[in-house]
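Me: I am new to reading protein models, and I would like to learn how to describe one step by step. Could we go through this example together?

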Amino acid sequence: MKFRLLACLSALAMTAGLSACGSSDSSGSSGGSEELTVWVMKDSVTDSYLDRFAADFEKRHSGTVLDIQIQEWEGISQKITSALASNDAPDVIEVGNTQVAQYAESGGVRDLTGKVGELKGEDWLPGLAEPGRTDGKQYGIPWYAANRVVVYNKDLFEKADIDAAAIKTRDQWTEASAKLNSGGTQGIYLPGQSWHVLAGFIWDEGGDLAVRSGGTWKGSLHTPEALRGMDFYRELQSHGKGPKDADEAEPPQAEVMGEGNVAQMISAPGVARAAVESNPELEGKLGFFPIPGKSADKPGTVFLGGSDLVIPETSAHPDLAYQVVKALAGDKWQTELATTMSYVPNRASLSGALKGTEGAKEMAEAAPGGRATPNSPQWTAVEANNPIKAYQTRVLTGGDAKSAAKEASESIGKTLNAKSS
Amino acid sequence: MTATVRKNPVVESPPRPPRRRPLPSVPRRIAGLWPYLLVAPTVLGAAFLLAYPVLRNLLISFQYFGMRELIRGGAGFAGWDNYREILGDTEFWEVVRRTFVWTAVNVVLIMVLATLVALMLQRLGRRMRMLVMSGLVLAWATPHIAATTVFQWLFQSQMGVVNWVLVRIGFDSFEGYTWFAHGNSTFAILVVLVVWQSVPFAAITLHAALVTVPEEIYESARTEGASAARIFRSLTLPMLRPIFGLVLCLEVIWVFRCFAQIWAVSQGGPNGATTTLPVYAFQVAQSLHRYDLAAAASTITVLLLVTVLIAYFRQMYKQEAEL
Amino acid sequence: MSAATGTRPGRPHTLTGPGAAAAHGGTGRKAQAKRRHGRVRLRRRLRRLPLTVTALVVLLCSVFPVYWMVLTAFKPTGDIQSETPVFLPTSLTLEHFSTAVRADGFWIFWRNSLTVTLGGVLLALIVAVGAAFAVARMRWKGRRGFLLMVFIAQVAPWEAMLIPIYIISRDTGMLDRLSMLTLIYFMITLPFTIVTLRSFLTGIPVELEEAARVDGCTRAQAFRRVTFPLLAPGLLATSLFGFITAWNEFAFANMLIIKNQDDRTLPVWLSSFSNVFGTDWGATMAASTLFALPVLILFLVLQKRVATGMTGGAVKG
């Protein structure tokens, strides 16, 4: 054991020495190969994208090997925390935009303020750049943004004689879903715990998940507006067989869609690609439309999701890690991200790349009205033990909405107001 | 140093027949060192991986220790703040209450069922007994995670076999019933799971204790006209008592501390309906990153468990004294 | 003690057996005797019926989940998803097993689990034999204190020590290492192993050892040649318990293996299988079956010894 420790220490010293003399440009070490670990979230980008990126990066930085590891969303906060606290963290980590603040505050993430200019940061999407900033310092580098649209099965719509383009309001939407939901077909696959979708409906009604007044947070799921949002969710959910006690990850809804008997699902356009991957017969048969709003003139409000990239303080190869971030956030791979995954690129000037990609137009239509979760570093704690999901399930399985909402609101308020030590 | 001052422990041993003479071939002092050498690895291991973590945990419970402190160090002293915070939290007391209910329900069910199964095993023919025992062993040996997965599959709402059977025998309301959406039904499933996993051990152990009673004693009691109930009360029960107590204590420990199954099935949900103390501590630490509060909660958990089991420890200690 | 379990000679209630009935009937009237014989047997069967039914119910309850797991693993996907569950296999397929086995890294995780578990259990056995011997056969100052410590260690709140142990591993450079997991599993199983082995040792008459020593063996030799073989069933039983505990362990494996994903163990991997296999219950059950397999086989093969071992340990407690 002692020997191990020694070996470790000397290895550490060696790498420190290496990175100290390595230039910030191109490959740091010309000698033995360096392994960089990159954590990417499950379903964020396709395997083929990652493979191409890794091959390209390794070619440009000879002697480097990229070990890209896919992480599950479940328990991710524990995982990232223990990684940040370790002495040899992964070199680059993808972090949900709402979660960067928490890690940045903890001091485990490298300050990249000095690189903002080089990365053309003046042009970043505010929805990604702002959460990545704490106390005027930039910790998270924007990677991509996406919001939810309705993905539909063209064949099933045709069979039911429904024109997707004509669905502009909630009423039309539920009517169509009800009509589609017959025989072996599910009108819409909406898992009971898709809380981001619910958030959109609540925002549409003028409600919110939590509001802050005078320094204290209050959960607001029990307000009449929010209850109306839930009511619509329940109606929509009933036009399919989405499990009432699970979210979109379990089972992965792309696979459910891939089974071919689901007329619609609500997801980022990229997920449709995963559905096609699981069932190639669906190639070209999936279409998109923005989530309908209350009236025809305005699409539904959506949660603006996305990811930032961070470099842990204890990364053994900070310079190479920065090269990875730079490449992923740079023009080439951003454009590729937009065209293959239909994500919104991290810079407004690149959004031209989205033209002509399926699903992107619909996503862009809704993006201006996009909203974020309540702006508190404690919000991740709410998500980690999500009372909104429990609330949804209770309502969908016949519980009293008002009292369930009240309880969930209290739970949210309590978590948000807990002092973070 | 101490070893030289101390009298040879062998010589010092209580007045028993002098079985163990010091070996003539080995110098006395070394012979006296032997037991210490033999337990040294245990003590060292326990110091590094048990005592030190427990102390560290205790220390954390008196510090402000969140994500920042875990990553960067430098935790400040908090005094009794964490204990005050957790003991003043109504949710905590709710969890404590639930933990006791959880333990009581499970342990009672386990002990009653196990005793009945053990008594049944005793009356079965040899072949049938082996068959049932094999079945019990099968259930016992199934790893927790595998068992948990199987139970989730059994109770699955759409294709689960339990719903199908319930609908088939006339409970139509169970068509597509989502078991894991309701607090009470999730709690019930977890109880079934834990009882299913625990009864075999208890039953087999109790049965083994039962068969140590010579059959002749039962025979003579029967010929003397004792009723079955009486035989059970005044013969079987006293015979079972010590082992029954031991199994009971082990089950209390295991059920009280049960974590993996609950976490895998429900993560303490829905709506906290299955959050017992270990789950609570885990949530506070891993979701809220309040390691200090979690440490305080687990310290309290240990104190509670030890209080419950104090009788067990006392007896263990007494038995040792007699040996 | 050990001979008492499972191999109990004779059955209860032999007084009303067929032999007794036959003795009543004369030798000449065979038919009548036979009829009577049959009636008695029938009556006996009827009387035992509730018992037999209960036994079958217990058997069903304990076996069904395991049966269902294995069956699902072998069923074609169509049968799994059918509206009416298929209780008896119509056709079997290995498709799910091949899905599970081909899943990324399955064999690596399987091997990791086995290494860590066996390592921890063996280490615990070796250390525990020494400690148990010291406690059961020797008199020394601090013996009672030591035993008390071992008893208390059995209630150690392992889940609560995740963070401290994480910190310790980090500060000693043991994060992301299977050897650290091995050490932890060793420590988790050790107290129980010591307690059980001690009971076994106290059950083995010390005179045997002494006789050997009179015959000229050293203490170590006496232990090795006389006591150790008698201890074997105890070792077996305790190691099985250690095995299943370590084989199951999830929280530490999940917390301490961070960057070296190839060092993950089966429980950690299996806990995320919903993400690996999605809606594929067949593959999930196949993976679970493969996970349970080593333990099930060990238990079934060693069943009698396990039961005996448990009693040996527990009764003496």
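**Reading the chains and their sheets**

Reply: Let us begin with an inventory of chain A, which has 17 helices and 13 strands. The radius of gyration of chain A is 23 Å, close to the 22 Å that the globule rule gives for 421 residues, so chain A is as compact as a globular protein of that length. Please keep in mind throughout that this is a predicted model.

Me: What box do the C-alpha atoms of chain A fill?

Reply: Taken along the principal axes, the box that the C-alpha atoms of chain A fill is roughly 65 × 50 × 45 Å.

Me: How do I read a sheet, and what is the order of the open sheet of three strands in chain A?

Reply: The general idea is that strands of a sheet pair through backbone hydrogen bonds, either parallel or antiparallel. In chain A, three strands form an open sheet in the order 10-7-11, and their pairing is antiparallel. The edge strands are strand 10 (264–267) and strand 11 (286–289) of chain A, each of which pairs on one side only. From one strand to the next, the twist averages 30 degrees.

Me: Which residue stands opposite Val149(A), and over how many bridges do strand 7 and strand 10 of chain A pair?

Reply: Strand 7 (residues 149–153) of chain A pairs with strand 10 of chain A in the antiparallel sense over four bridges, and Val149(A) stands opposite Ser267(A) in strand 10 of chain A. Helix 11 (residues 269–278) of chain A packs on this sheet, where it touches strand 7, strand 10 and strand 11 of chain A, and its direction makes about 165 degrees with that of strand 11 of chain A.

Me: Which way do the residues of strand 10 of chain A point, and are they buried or exposed?

Reply: Gln264(A) and Ile266(A) point one way from strand 10 of chain A, while Met265(A) and Ser267(A) point the other way, and all of these residues are buried.

Me: What is the order of the open sheet of six strands in chain A?

Reply: That open sheet has the order 2-1-3-12-6-13, with mixed pairing. Strand 2 (64–71) and strand 13 (344–345) of chain A stand at its edges with a single partner strand each, so one side of each is left without a neighbour in the sheet. Strand 1 (residues 34–41) of chain A pairs with strand 2 of chain A in the parallel sense over eight bridges, and Leu36(A) stands opposite Leu66(A) in strand 2 of chain A.

Me: What does the secondary structure of chain B come to, and how many residues of chain B are in contact with chain C?

Reply: Chain B has 16 helices and two strands, and buried residues make up 46% of its 323 residues. As for its partner, 86 residues of chain B are in contact with 83 residues of chain C. Helix 3 (residues 28–60) of chain B gives the largest share of the side that touches chain C, with 17 residues. The residues on that side of chain B divide into 63 nonpolar, 14 polar and nine charged.

Terms used. Residues are numbered from 1 along each chain as its sequence is written. Chains are lettered from A and ligands numbered from 1 in the order in which they are written. This is a predicted model: local features need pLDDT of at least 70, side-chain atom pairs count only at pLDDT 80 or more; totals for chains, interfaces and linings use all residues. The radius of gyration is taken over C-alpha atoms; the globule rule is 2.2 Å times the number of residues to the power 0.38. Two strands pair if DSSP finds at least two bridges between them. Axes are lines fitted to C-alpha atoms, for helices over the stretch in contact, and angles run from 0 to 180 degrees between N-to-C directions. Two residues are in contact if their C-beta atoms, placed from the backbone, lie within 7 Å. A residue is buried if 20 or more other C-beta atoms lie within 10 Å of its own, exposed if 12 or fewer, and partly exposed in between; C-beta atoms are placed from the backbone. Ala, Val, Leu, Ile, Met, Phe, Trp, Tyr, Cys and Pro count as nonpolar, Asp, Glu, Lys and Arg as charged, and the others, Gly among them, as polar.
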